[in-house]
Amino acid sequence: MNPVNDASFKNSSSLTRFRLAPNPGPMSLDGTNSYVIAAPDAAGVVVVDPGPLDEPHLAALAASGMVELVLITHRHKDHTEGSERFRELTGAPVRAADPAHCHGGEPLRGGEVIGAGGVEIRVLATPGHTSDSVCFHLPGDGPDGSVLTGDTILGRGTTVLDYPDGRLGDYLLSLDTLESLGPATLLPAHGPVLPAVDAVCREYRAHRVMRLEQIREALVRLGAQAEVQAVTDAVYPDVDPSVRWAAETSVAAQLDYLRG
(Lines give C-alpha, C1' and ligand atoms only; values in the text may rest on other atoms or scores of the structure.)
Protein backbone atom coordinates (compact mmCIF):
# COMPACT_ATOMS: atom_id res chain seq x y z
CA MET A 1 0.00 0.00 0.00
CA ASN A 2 1.28 3.45 -0.82
CA PRO A 3 2.66 4.89 2.41
CA VAL A 4 1.07 7.99 3.83
CA ASN A 5 2.73 9.80 6.69
CA ASP A 6 -0.60 10.75 8.24
CA ALA A 7 -1.44 9.64 11.75
CA SER A 8 -5.15 10.13 11.08
CA PHE A 9 -5.14 6.86 9.13
CA LYS A 10 -5.32 3.60 11.06
CA ASN A 11 -4.29 0.22 9.73
CA SER A 12 -7.26 -2.14 9.75
CA SER A 13 -5.97 -5.21 7.88
CA SER A 14 -3.13 -6.24 5.58
CA LEU A 15 -4.71 -4.51 2.59
CA THR A 16 -6.75 -1.74 4.21
CA ARG A 17 -6.56 1.32 6.42
CA PHE A 18 -9.17 3.91 7.26
CA ARG A 19 -9.67 7.50 8.28
CA LEU A 20 -12.45 8.45 10.68
CA ALA A 21 -14.68 11.19 9.25
CA PRO A 22 -15.60 14.09 11.57
CA ASN A 23 -19.32 13.23 11.71
CA PRO A 24 -20.07 11.54 15.04
CA GLY A 25 -23.68 11.13 16.10
CA PRO A 26 -26.29 8.80 17.58
CA MET A 27 -26.51 6.78 14.36
CA SER A 28 -22.96 7.22 12.99
CA LEU A 29 -21.29 6.36 16.33
CA ASP A 30 -17.77 7.84 16.28
CA GLY A 31 -18.16 8.79 12.62
CA THR A 32 -17.84 7.16 9.21
CA ASN A 33 -14.80 4.95 8.59
CA SER A 34 -13.56 5.85 5.09
CA TYR A 35 -11.38 2.97 3.89
CA VAL A 36 -8.38 2.88 1.57
CA ILE A 37 -7.68 -0.46 -0.14
CA ALA A 38 -4.39 -1.28 -1.85
CA ALA A 39 -1.77 -3.99 -2.13
CA PRO A 40 1.67 -3.04 -0.74
CA ASP A 41 3.22 -2.58 -4.19
CA ALA A 42 0.17 -1.15 -5.96
CA ALA A 43 0.40 2.09 -7.94
CA GLY A 44 -3.18 3.06 -7.16
CA VAL A 45 -5.67 2.84 -4.31
CA VAL A 46 -9.40 2.32 -3.90
CA VAL A 47 -11.40 4.49 -1.50
CA VAL A 48 -14.62 3.15 0.04
CA ASP A 49 -17.25 5.57 1.40
CA PRO A 50 -15.61 9.02 1.22
CA GLY A 51 -18.18 10.14 3.78
CA PRO A 52 -19.42 13.67 4.49
CA LEU A 53 -18.68 16.81 2.51
CA ASP A 54 -15.74 17.82 4.68
CA GLU A 55 -12.83 19.33 2.77
CA PRO A 56 -9.99 18.33 5.15
CA HIS A 57 -11.26 14.77 5.31
CA LEU A 58 -11.64 14.49 1.54
CA ALA A 59 -8.24 16.10 0.96
CA ALA A 60 -6.58 13.58 3.28
CA LEU A 61 -8.24 10.71 1.43
CA ALA A 62 -7.19 12.19 -1.91
CA ALA A 63 -3.59 12.32 -0.68
CA SER A 64 -3.64 8.64 0.35
CA GLY A 65 -2.34 7.59 -3.05
CA MET A 66 -3.35 7.72 -6.70
CA VAL A 67 -7.08 7.08 -6.31
CA GLU A 68 -8.23 4.93 -9.21
CA LEU A 69 -11.70 3.97 -7.99
CA VAL A 70 -14.26 4.99 -5.37
CA LEU A 71 -16.80 2.47 -4.05
CA ILE A 72 -19.97 3.17 -2.08
CA THR A 73 -21.60 0.71 0.32
CA HIS A 74 -25.06 2.35 0.29
CA ARG A 75 -26.95 5.57 -0.27
CA HIS A 76 -27.00 7.26 3.16
CA LYS A 77 -25.37 10.68 3.10
CA ASP A 78 -22.83 9.95 5.83
CA HIS A 79 -21.30 7.66 3.19
CA THR A 80 -22.07 9.52 -0.03
CA GLU A 81 -22.32 13.26 0.62
CA GLY A 82 -18.68 13.94 -0.28
CA SER A 83 -18.56 11.60 -3.28
CA GLU A 84 -19.12 14.09 -6.08
CA ARG A 85 -16.59 16.51 -4.62
CA PHE A 86 -14.13 13.63 -4.15
CA ARG A 87 -14.41 12.80 -7.84
CA GLU A 88 -13.54 16.44 -8.60
CA LEU A 89 -10.46 16.16 -6.39
CA THR A 90 -9.22 12.82 -7.74
CA GLY A 91 -10.83 12.24 -11.14
CA ALA A 92 -11.68 8.71 -10.00
CA PRO A 93 -15.04 7.17 -10.97
CA VAL A 94 -17.52 6.62 -8.15
CA ARG A 95 -19.49 3.38 -8.28
CA ALA A 96 -22.50 2.45 -6.15
CA ALA A 97 -25.38 0.01 -6.53
CA ASP A 98 -27.77 2.95 -6.82
CA PRO A 99 -27.13 4.82 -10.10
CA ALA A 100 -28.05 8.08 -8.34
CA HIS A 101 -24.79 7.84 -6.40
CA CYS A 102 -22.54 6.96 -9.33
CA HIS A 103 -20.31 9.70 -10.70
CA GLY A 104 -18.44 8.74 -13.85
CA GLY A 105 -18.79 5.04 -13.10
CA GLU A 106 -21.22 2.19 -13.74
CA PRO A 107 -23.58 0.82 -11.08
CA LEU A 108 -22.23 -2.05 -9.00
CA ARG A 109 -23.61 -5.55 -9.55
CA GLY A 110 -23.83 -8.28 -6.95
CA GLY A 111 -21.36 -11.04 -7.80
CA GLU A 112 -19.08 -8.68 -9.71
CA VAL A 113 -15.32 -9.07 -9.20
CA ILE A 114 -13.28 -5.87 -9.39
CA GLY A 115 -9.53 -5.68 -9.77
CA ALA A 116 -8.20 -2.35 -8.48
CA GLY A 117 -5.46 -1.17 -6.17
CA GLY A 118 -3.73 -4.48 -6.86
CA VAL A 119 -6.54 -6.24 -4.95
CA GLU A 120 -9.40 -8.56 -5.87
CA ILE A 121 -12.64 -7.04 -4.59
CA ARG A 122 -15.83 -9.12 -4.71
CA VAL A 123 -19.13 -7.24 -4.63
CA LEU A 124 -21.77 -8.85 -2.41
CA ALA A 125 -25.38 -7.69 -2.67
CA THR A 126 -26.52 -7.44 0.96
CA PRO A 127 -29.87 -5.59 1.08
CA GLY A 128 -31.70 -5.09 4.34
CA HIS A 129 -30.25 -2.01 5.98
CA THR A 130 -31.16 -0.37 2.68
CA SER A 131 -32.20 -1.94 -0.60
CA ASP A 132 -28.95 -0.84 -2.25
CA SER A 133 -26.54 -2.03 0.45
CA VAL A 134 -23.47 -3.91 -0.74
CA CYS A 135 -20.42 -5.31 1.00
CA PHE A 136 -16.91 -5.72 -0.41
CA HIS A 137 -15.13 -9.04 0.18
CA LEU A 138 -11.33 -9.09 -0.07
CA PRO A 139 -10.51 -12.82 -0.15
CA GLY A 140 -6.74 -12.20 -0.29
CA ASP A 141 -6.64 -9.93 2.77
CA GLY A 142 -4.81 -12.07 5.33
CA PRO A 143 -5.36 -15.77 6.04
CA ASP A 144 -9.16 -15.52 6.28
CA GLY A 145 -9.85 -12.52 4.05
CA SER A 146 -11.79 -9.44 5.10
CA VAL A 147 -15.12 -7.84 4.29
CA LEU A 148 -16.12 -4.18 4.31
CA THR A 149 -19.67 -4.29 5.62
CA GLY A 150 -20.82 -0.66 5.41
CA ASP A 151 -23.80 -0.39 7.77
CA THR A 152 -24.98 -3.96 7.18
CA ILE A 153 -22.96 -4.93 10.26
CA LEU A 154 -21.52 -2.35 12.65
CA GLY A 155 -18.49 -2.57 14.88
CA ARG A 156 -20.64 -1.74 17.88
CA GLY A 157 -24.37 -2.13 18.48
CA THR A 158 -26.86 -3.34 15.89
CA THR A 159 -28.02 -2.07 12.52
CA VAL A 160 -31.24 -0.17 11.87
CA LEU A 161 -33.34 -1.44 8.99
CA ASP A 162 -34.38 1.64 7.00
CA TYR A 163 -37.93 0.40 6.41
CA PRO A 164 -39.71 0.38 4.01
CA ASP A 165 -36.61 0.54 1.80
CA GLY A 166 -34.83 -1.92 4.07
CA ARG A 167 -36.59 -5.24 4.80
CA LEU A 168 -35.97 -7.82 7.49
CA GLY A 169 -36.37 -10.82 5.18
CA ASP A 170 -33.67 -9.42 2.91
CA TYR A 171 -31.48 -8.63 5.89
CA LEU A 172 -31.61 -12.17 7.29
CA LEU A 173 -30.56 -13.54 3.89
CA SER A 174 -27.71 -11.02 3.81
CA LEU A 175 -26.52 -12.27 7.20
CA ASP A 176 -26.44 -15.77 5.68
CA THR A 177 -24.32 -14.45 2.81
CA LEU A 178 -21.84 -12.82 5.16
CA GLU A 179 -21.72 -15.74 7.57
CA SER A 180 -20.68 -17.98 4.67
CA LEU A 181 -17.41 -16.02 4.47
CA GLY A 182 -16.24 -17.67 7.69
CA PRO A 183 -13.91 -15.84 10.10
CA ALA A 184 -13.10 -13.00 7.70
CA THR A 185 -12.03 -9.76 9.39
CA LEU A 186 -15.04 -7.46 9.69
CA LEU A 187 -14.35 -3.89 8.53
CA PRO A 188 -17.45 -1.83 9.42
CA ALA A 189 -18.30 1.70 8.33
CA HIS A 190 -18.95 2.64 11.97
CA GLY A 191 -17.25 1.37 15.09
CA PRO A 192 -14.18 -0.81 15.61
CA VAL A 193 -12.80 -3.57 13.42
CA LEU A 194 -13.92 -7.04 14.57
CA PRO A 195 -12.08 -10.33 14.10
CA ALA A 196 -14.67 -12.74 12.62
CA VAL A 197 -17.73 -11.86 10.54
CA ASP A 198 -19.34 -15.28 10.89
CA ALA A 199 -19.49 -15.03 14.68
CA VAL A 200 -20.93 -11.52 14.52
CA CYS A 201 -23.58 -12.66 12.02
CA ARG A 202 -24.70 -15.33 14.47
CA GLU A 203 -24.94 -12.72 17.24
CA TYR A 204 -26.91 -10.39 14.98
CA ARG A 205 -29.31 -13.15 13.98
CA ALA A 206 -29.85 -14.14 17.61
CA HIS A 207 -30.61 -10.50 18.43
CA ARG A 208 -33.18 -10.29 15.63
CA VAL A 209 -34.84 -13.52 16.75
CA MET A 210 -35.03 -12.16 20.30
CA ARG A 211 -36.63 -8.90 19.11
CA LEU A 212 -39.12 -10.80 16.98
CA GLU A 213 -40.15 -12.85 19.98
CA GLN A 214 -40.58 -9.69 22.06
CA ILE A 215 -42.79 -8.21 19.35
CA ARG A 216 -44.87 -11.40 19.12
CA GLU A 217 -45.40 -11.22 22.87
CA ALA A 218 -46.35 -7.54 22.64
CA LEU A 219 -48.91 -8.31 19.94
CA VAL A 220 -50.52 -10.92 22.18
CA ARG A 221 -51.00 -8.24 24.83
CA LEU A 222 -51.83 -5.31 22.53
CA GLY A 223 -53.72 -7.06 19.75
CA ALA A 224 -52.57 -8.43 16.41
CA GLN A 225 -53.07 -5.11 14.60
CA ALA A 226 -51.34 -2.90 17.19
CA GLU A 227 -49.70 0.24 15.78
CA VAL A 228 -45.95 0.77 15.53
CA GLN A 229 -45.91 3.39 18.29
CA ALA A 230 -47.63 1.13 20.81
CA VAL A 231 -45.37 -1.83 20.02
CA THR A 232 -42.30 0.38 20.29
CA ASP A 233 -43.44 1.55 23.73
CA ALA A 234 -43.72 -2.08 24.78
CA VAL A 235 -40.47 -3.37 23.31
CA TYR A 236 -38.24 -0.29 23.73
CA PRO A 237 -39.61 1.34 26.91
CA ASP A 238 -36.40 3.18 27.78
CA VAL A 239 -35.24 4.25 24.30
CA ASP A 240 -33.51 7.64 24.16
CA PRO A 241 -35.70 10.23 22.40
CA SER A 242 -32.84 11.01 19.98
CA VAL A 243 -33.09 7.52 18.48
CA ARG A 244 -36.82 6.88 19.00
CA TRP A 245 -37.35 7.13 15.25
CA ALA A 246 -34.81 4.33 14.71
CA ALA A 247 -36.61 2.07 17.18
CA GLU A 248 -39.93 2.75 15.44
CA THR A 249 -38.38 2.03 12.05
CA SER A 250 -37.00 -1.29 13.28
CA VAL A 251 -40.36 -2.23 14.81
CA ALA A 252 -42.11 -1.37 11.55
CA ALA A 253 -39.71 -3.62 9.64
CA GLN A 254 -40.30 -6.49 12.06
CA LEU A 255 -44.07 -6.07 11.99
CA ASP A 256 -43.94 -6.15 8.19
CA TYR A 257 -41.92 -9.38 8.38
CA LEU A 258 -44.29 -11.03 10.86
CA ARG A 259 -47.45 -9.96 9.06
CA GLY A 260 -46.13 -11.08 5.69
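Take asparagine 11: does this residue count as buried or exposed?

Author: Asparagine 11 counts as exposed, at 70% relative accessibility. The cut-offs are these: buried is under 20% relative accessible area, exposed is over 50%, and partly exposed lies in between, with a 1.4 Å probe and protein chains only. The model is predicted, so local features need pLDDT of at least 70 and side-chain atom pairs count only at pLDDT 80 or more, while totals for chains, interfaces and linings use all residues. Residues are numbered from 1 along each chain as its sequence is written, and side-chain values use heavy atoms, without hydrogens or water.

Asparagine 11 lies in strand 1. Strands (E, at least two residues) and helices (H or I, at least four) are DSSP runs, numbered from the N terminus. Leave aside neighbours within four places in sequence, and asparagine 11 is in contact with Thr16 and Arg17. Contact here means heavy atoms within 4.5 Å. Tyrosine 35 is 24 residues away from asparagine 11 in sequence. Their C-alpha atoms are 9.6 Å apart in space.

Strand 1 leads on to helix 1. Strand 1 (9-11) is one of the elements that the buried residues of helix 1 pack against. The others are strand 2 (16-20), strand 3 (33-37), strand 4 (44-48), strand 5 (66-71) and helix 3 (83-90). Helix 1 spans residues 55-62, and its buried residues are His57, Leu58, Ala60 and Leu61. They cover an arc of only 160° around the axis, so they sit on the same side of helix 1. The arc is that of the directions from the helix axis to the C-beta atoms.

Two loops in this region have backbone features to check. Leucine 29 is in the loop between strand 2 and strand 3. Leucine 29 is not a glycine, yet its phi is positive, about 55°. Aspartate 49 is in the loop between strand 4 and helix 1. Its phi is also positive, about 60°, and aspartate 49 is not a glycine either. Aspartate 49 is buried, with a relative accessible area of 2%. For background, most residues other than glycine have a negative phi, and most peptide bonds are trans.

Proline 164 belongs to the loop between strand 10 and helix 4. Threonine 152 is found in that loop too, between strand 10 (146-150) and helix 4 (168-179). Threonine 152 counts as buried at 1% relative accessibility. Beyond residues up to four places away in sequence, threonine 152 touches Thr126, Ser133, Cys135, Thr159, Tyr171, Leu178 and Tyr204.

Alanine 252 is found in helix 7, and it touches Tyr163 and Val228, not counting residues up to four places away in sequence. Alanine 252 is buried, with a relative accessible area of 14%. Arginine 167 is 85 residues away along the chain. The C-alpha atoms of alanine 252 and arginine 167 are separated by 9.5 Å.

Helix 6 comes next. Its buried residues, within 228-235, are Val231, Thr232 and Val235. They cover an arc of only 100° around the axis, which puts them on the same side of helix 6. They pack against helix 5 (197-222) and helix 7 (244-259). Valine 239 is in the loop between helix 6 and helix 7. Valine 239 is partly exposed, with a relative accessible area of 24%. It touches Arg244 and Ala247, not counting residues up to four places away in sequence. Valine 239 and histidine 137 are 102 residues apart in sequence and 34 Å apart in space, C-alpha to C-alpha.

Now the whole chain. The secondary structure comes to seven helices and eleven strands. The radius of gyration is 19 Å, close to the 18 Å that the globule rule gives for 260 residues, so the chain is as compact as a globular protein of that length. That radius is taken over C-alpha atoms, and the rule is 2.2 Å times the number of residues to the power 0.38. The C-alpha atoms fill a box of roughly 60 × 35 × 30 Å along the principal axes. Of the 260 residues, 52% count as buried. Among contacts between residues at least 6 apart in sequence, 56% join residues at least 24 apart.
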